[in-house]
Structures are given as structure tokens and as C-alpha cells.
Amino acid sequence: MSNLTVPAPSAEKKESKIGAIWRAISVPVLAVVTGLIVGAIVILVSGENPISAYGALFTGSFGSPAAYVEGFSIWFSSGQTGALVRAFYPLTESLVIATPYIFAGLAVAVGFRCGLFNIGAEGQFFIGALCSAFVGYSLRGLPMIVHLPLAILAGALGGALWGAIPGYLKAKFGAHEVVNTIMMNWIAFRLSDWLLKGPMKASGFRPVTPNIAASAELPRFFPDPIRFNLGFFLALLAAYLLYWFLFKTTLGFEIRSVGANPDAAKYAGMNIIRNFVLVMVISGALAGLAGAAQVLGVDHWVGQGFSAGYGFDAIALALLGHSHPAGVVLAALLFGFLRGGATNMQSIARIPIDIISIIQGMVIIFIAAPAIIRGLYRLRGAKDDDEAVLTRGWGK
Amino acid sequence: MNHAISETNSAAKKKNRFSYGIVLIAVGLFIYLAFGLNTEAGLDAVFGLNLAGSNAALIPDLTVPALPVVYLMTLVAVFVGAYQMARGSRSTGWLVGVIAVTFIVAFLMWAAQGKSFNLTGMLSSSLVRATPIALAALCGVISERSAVINIGLEGIMLIAAQVAVLVATITKSLYLGLFAALFVGGLVAAAHAYLVIRYKVDQIVSGVAVNIFGAGMTAFVSSRFMQSSGAALNNSGTFPIISIPLLSKIPILGPVFFENNLIIYLTIILVVVMHVVLYRTPWGLRTRAVGEHPKAADTLGINVYFTRYVNVIAGGVIAGLGGAYFTLGSVGRFDEAMTAGKGFIGLAAMIFGNWNPVGAYMSSLIFGFADSLQVKLQILRIPIPSEFLLMAPYIVTMIILTGVVGRAIPPAADGQPYEK
């Protein structure tokens, strides 16, 4: 079985570097463009103007040029930063939204590399966030240098545990990880309902955790409305470490081999069971870190429905990024800008934010069926890339 | 070669037999420890057997002494477990049944000690709550028997639910709404089938895309059009309850099975029809052949692609019926994300039911029972948070998937694209 995430060696070895890069990114780029076109059609059919809607999307995600000009001119003339901060707010907010996406996308991508489909990023995200929040609010009086790493570690461990269970069940019993990770999602939702109503509830009416201590917050770099924080750089670091791990270490090679062909890997003496569990632990830990980054860097507390949608978005990210850490980072930035701008689009152009999900669904289909994109745009491409096999049914 | 296989088989069977016995004894001990020790002696549990508003003949309530029944259940589980370890049985279905029945009966005794509990009401609501799960499961069964996984049935149900209520409200006809739901369900499934058969898109990826698209599209339409217009677009009414003459007069069975709405009856009929089609007709044989060994089926002149298209689209129509249940069969209006994971639970029910229609329906009933039990237990105020009861079906599913209790065997070619 060939695998989408491990492209077959190309027959054309002599092609130029630019050609190779274009071949790698043409399908994702065109898939996103086509997704946006489909979104525009939906907007048009619903009776709004897609150009003004996407205009609002753009200024909502990058900020408006006029605001930048005004902000800088006020800063130069009077030294006041208020307008400048407001001008930069949309751009930084998009990066803030992209942060958990990077972690969560990496989580699903590492699973794909080993032939595992982790649909449970959502539950792992939630559990990670709850663990981080617990360490964040229950420990008081610790210095930041101790408290913050502890809170981050708690999130990673919580997610890792939530991922390890389906990983172990897959390795030991051949129980399919898709169903089990979905089940773990629902267990996580119910568990969090209970925790937020009972043991972890802050005083007051709402089912939310108490605010975390200041010593557990990821530091922010700019004046107040801007929530951009250290989490973004941690996410980039995680992406680099994952790249190094997957492509520069023996263990990473084993994981990719198991993903490409488990039978061959087995005959080469690789331990399939250990790799499955290991990958689900890493995947869960990354998803947990996504939750940790969100709670420690942005919200500072956890409420019901905290993880809504991250798990499915993460799948789209991993597919879009071709399960490569660098690709996932780019895809997460794209989603960050889309989601960041969608709020503005909703308030200005009255387009419901859910249009983004429609676009995402289309993008996933186009990525998974590159033949459609190649057909639409008359692209030439390797035939073997088209037959993508990622998952292996319900059994072993 | 054959000899070796049969030997390992019988060894595996022996081990299986043994582990079943141990599980049963463990269940018996658990019943004793959890319920036996916590049930007060001398208290009665009263089970109401009449449903208010039903036209069944009235019968007296059932009053049973709680503690002795718990002890009886402990004994039954331990005894059957011991017998299983000693002699053993081939069929695993009834062992799972013994586990479920002893556990649930003991649990009810403990929960209802010294209180009154409407049993018929709960059974009736179990059947109702099982219906969308069962329809999702049946959709899964028929697609996967031809080896196409359709994990997108959650999205299909959402879209169908919305289309049903829109069409029914605008045309003021519930039947047109229902047909629209069936049509749209088939249409989305056809798109899924086209992607996975023609383009060989990974079936789970395509299903996930259908789910994301379905959730996004329905939420988009809902907040763009339905919320602002209010009743004008989102008020279809529901299918009325049809009482079947004579049969609905039977106590207990009447209110549970013979006083339901159209979609619930259709579901039960569908289970029977699908069983007959899958196991008693040439089409069913072809479908199963395509699911088990497409190459062999192809060699025999069965059109693998055509069979798969038809089955997946039929599955989509069934999921469309499931979607219609959420709106036309239940509340008469559409809310965002109203399927709430029922599609995925349906897939679990399909696996639990070993990919056959009757099994899938039975497992859906168990999930429906757990769901309605959880609601009732909140009323009884038992000291277990309802969230933990809600987790039970998911945990049970995971246990089932391990294969320790009842191994589920998918169609051999399930999830694999077919290359001629």
C-alpha cells in the first residue's frame, strides 16, 4: 500500500528545485484556492457579495492598511502607541489563533506518519487544557521558572495519557484507533462536564475553572489587547523538534517505516507495538500542548466546549501540510488567518463564521483527491501520488 | 496445514471460553460488592408498568424485594461463569446477554430500592432513543458489507435533518420533508462513494470531510436563514404517534412497540428487510462477496463498483431517514449540531453488532437503554454523577473493540479501494 504521507520516490530526478517545490505545493495551494472559490459561491448563493465578504476576511486577519498608516503616523508624531496597537491587533490575533492549530496539526501529522489516524486530538486537547489549568490554579506562590514549565508539562502528560490508551489498545488488541479515539473524545467531554461542574469549578455560577496563577501564564510581549505570547514560539520549536525527530533520528525512521509498510518494518525487526504506542503518546502530548498553550497563553481558564472543533481542524491541517512539520506550520498559519478574519467577516459582512468549515471540508476533499485538482487545472503529476491510502479499515 | 489451523483455533476457543467465565464471575462479584452491599435489606423496588397516556390495558405495578434479587443476580452470574469455565459454550451472544441482564437488573434494584420507577416508560424511551443510533448503524452495515466505510454519516444525518425540516416547513408536508431527507442522504452518500470509488480517496478522510462540511453547511444555513426567520422556516411539526389496533392494547409491549411514529416503525421494518436482503437474496450474497473478496467476486462477473455504489447510496438513504428522525420524528425543528455524535455511536453499535442488521439493532437498543437510563437515574437521584453514566456506552464500546468480550470481525476487504 502506498501512503499519502510518504510520497513515492520520483522518477524524474533531474527536475529543477523550483519545479520540485511547485510540484509539492501546487495541489495544496490550488486546493485552498478552489475551497475559497466554493466558499465564494456559497456566499453568493446566500445573497451576499463575496468580494466584500473576503475583503472583511482579509482586514480581519491581517489588519487594515489604513489603520496601520494611522497607527504609525500617531506614533511618530506624538509617541502614543494606542492606535498602533489596535492596528496590529488583528494580525497578532491571527497568530494567537494559529498557535494551538500548529500543535494540534503536528499531533495528527505524527500519527499519519506512522499510519495511525488520531481523530482524538479534540479530547486530548481538552484533557491537556484541564491538566494545565489544574496545575495553573492549584499551585500558588511558585516562581514562574518552576510553575510555567510544570503547567505545560501537565498538559502534555494529560494529552499523552489520553492518546496512549487508544494506542495501547491498537497495539495490543488491534482495536481500531479511529473508533477508540472518538470514544475517548466523548469520555473526555463527559469527564470535563463533571469536572467543571464539580471538583474543578470556580466559585460562582458558571461551570468554569478558577483563573490560573500569574506565574503559570505564558508571557505576553505587547500592551494589553494584544494576546500574542510565548506559546507561538513554543509551537514553532515543537515543529522543529518533531522534524528533527522524524527525519534525523533512528526512532523517527522506524516510525516512518512502520507507517509506510508495517509488514516490511516488522520483517526488518522493528517493534510495531512499541511504535504505535510511542506515536500515540507523542501525538496525544502534542494535542495536550495545544490545549496547554490555549489555556496558559490566551484564556487563563477552561470552560465547557473549550476544545470545540480543534480535533477536526487538526486533521485538515495535517492533510494540508502533507504531514510534514513545516507544511503543518504553514497550514496552521493559513487557518489562523481564516479563523481570525472570519469573526470580522461575520460582524461586517454578516456571513456566518461556519463558512470556514465549509471551505475546510472542501479543502480536505481536494487534498485527499489530488486527481480532482489536477483535472480542474490540467496539472501534470506523478500518477502514484493519486492513490492515497491512509487508514486500514477497522481490523488489524 | 489444515490440522494446524484447527488446533490453534480450538486452543483459541478454549482460551476464549475461559476468559468469558472469568469475566462472568468478575461481574457477579462486582454486582455483590457494588450493589449487594449497598442495598438495604427489606426495601422494595416498585416498577411502574403502565405508561401515562397510553391506551394499553392497565396492569398492577411490579413490586419486588430489592436485596434478594441482587443476590439472585450475583448467583446467576457466578454460576453461569463457573459453568462456562468448566463446560463452555460456543455461542458468545447469550453470554454477553447474561452479563448485560444480570448487571442491569441488579443495578436497577439498587437504584430503585425504596422508590418507584416507571419501567415501561423507560423501555419505551429506550426504543425511541435507539432509533437514530440504529439507523446510523444500519447505514454503516449496508455500506461496509460492500467494504466502503462511511464515517461521514454524522454529517449526512445533520444535512438530512435540516433539509427535512426546511422542506416540510415550506411545503407544509411532512412526507415531502421525509422524501427530501432521503434524497439528500442518498446524494451526499453518492458523493462520498464517487470520491472513494472513482478517485480512491481514503474512505475515512472523505468521511471526515463530509462531517466537517455537513456541520459547517448546516450551521451556515441555520444562522444565515433559519434563526432570523424563526417559525417561517424552522417549524415542521412531527409525525404523529400511530397506535396499532389491538396490539397496542397489550400491556408493556403495546406502549413500547406499537405506539410509535412512522420513522420508528420504518426502522424496525428496515432491520427485517435488510436481514432478508443480505442473507436471503442474490443481491445480498453479491454484496457480501464484494465486501469479503472483491477480486473473487469480480472474477465471477459481479460488478464490484456498481455493487458498492448502490450499497453506499442505500446507506445514505437510511442515514437520511435517521436525519429526518431528529427533526420530523422528534422535535420538529432544527438546531445546530443536534445529532450530537449519534452517528459515531451508531458506528460503534454496528461493530458491536458484528456488521449484521439484527445485531446492530440490538446494540443500538443497548445504547438507547443506557441513554434513557441515565435520564431516569437523574430523577431517582442516585449518587453517581450522570456524566459517568453517559460515559458508559463509550467505555463499553472500547471494551468490545478489544475483542476480549465478543470479537468483532469486519468484512475482510472493509475500507480498501478496489483496483481492477
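This is a predicted model: local features need pLDDT of at least 70, side-chain atom pairs count only at pLDDT 80 or more; totals for chains, interfaces and linings use all residues.
Which domains does the domain assignment of chain B give? The assignment gives domain 1 (2-117) and domain 2 (127-402).

**Domains of chain B**

Taken over C-alpha atoms, the centres of domain 1 and domain 2 of chain B are separated by 30 Å. Their contact takes 12 residues from domain 1 of chain B and 14 residues from domain 2 of chain B. On the domain 1 side, helix α3 (residues 93-112) of chain B gives the most, with three residues. The residues on that side of domain 1 of chain B divide into nine nonpolar, two polar and one charged.

**Contact between the chains**

Chain B has 42 residues in contact with 43 residues of chain A. Three elements of chain B give two or more residues to the side that touches chain A: α7 (203-229), α13 (342-352) and α15 (386-402). The largest share of that side, 15 residues, comes from α7(B).

The table sets out the composition of two contact sides.

| Domain 1 of chain B, touching domain 2 of chain B | nine residues | two residues | one residue |

**The nonpolar core**

The largest nonpolar core holds 260 residues, and those touching the most other members are A:F103, A:A104, A:L317 and B:A164. Helix α11(A) gives the most to this core, with 16 residues. Domain 1 (2-117) and domain 2 (127-402) of chain B both give residues to the core, so the core lies between them. Leaving aside residues up to four places away in sequence, A:L317 touches A:Y101, A:A104, A:G105, A:V108, A:V328, A:A331, A:A332 and A:F335. In soluble globular proteins, nonpolar side chains tend to be buried together.

**Helix α8 of chain A**

Helix α8 of chain A covers residues 231-248, 18 residues in total, and reaches 25 Å from its first C-alpha to its last, close to the expected 26 Å. Its buried residues are A:G231, A:F232, A:L234, A:A235, A:A238, A:A239, A:L242 and A:L246. Because these cover an arc of only 155° around the axis, they are on the same side of α8(A). On the other side of α8(A), the residues A:F233, A:L237, A:L241, A:W244 and A:K248 are exposed. The cover over the buried residues of α8(A) includes α4 (82-113), α9 (250-260), α11 (272-299) and α13 (325-349) of chain A.

Residue A:N271 is placed in the loop between α10 (262-267) and α11 of chain A.

In helix α15 (residues 370-377) of chain A, A:P370, A:A371, A:I372 and A:I373 are the buried residues. These buried residues of α15(A) pack against α1 (17-45) and α14 (355-368) of chain A. Just after α15(A), A:R378 takes a positive phi of about 55°.

Methods: Residues are numbered from 1 along each chain as its sequence is written. Chains are lettered from A and ligands numbered from 1 in the order in which they are written. Helices (H or I, at least four residues) and strands (E, at least two) are DSSP runs, numbered from the N terminus. The expected span of a helix is 1.5 Å times one less than its number of residues. A residue is buried if 20 or more other C-beta atoms lie within 10 Å of its own, exposed if 12 or fewer, and partly exposed in between; C-beta atoms are placed from the backbone. The arc is that of the directions from the helix axis to the C-beta atoms. Two residues are in contact if their C-beta atoms, placed from the backbone, lie within 7 Å. A nonpolar core is a set of buried Ala, Val, Leu, Ile, Met, Phe, Trp, Tyr and Cys residues joined through C-beta atoms within 7 Å. Domain bounds come from an automatic or database domain assignment. Ala, Val, Leu, Ile, Met, Phe, Trp, Tyr, Cys and Pro count as nonpolar, Asp, Glu, Lys and Arg as charged, and the others, Gly among them, as polar.
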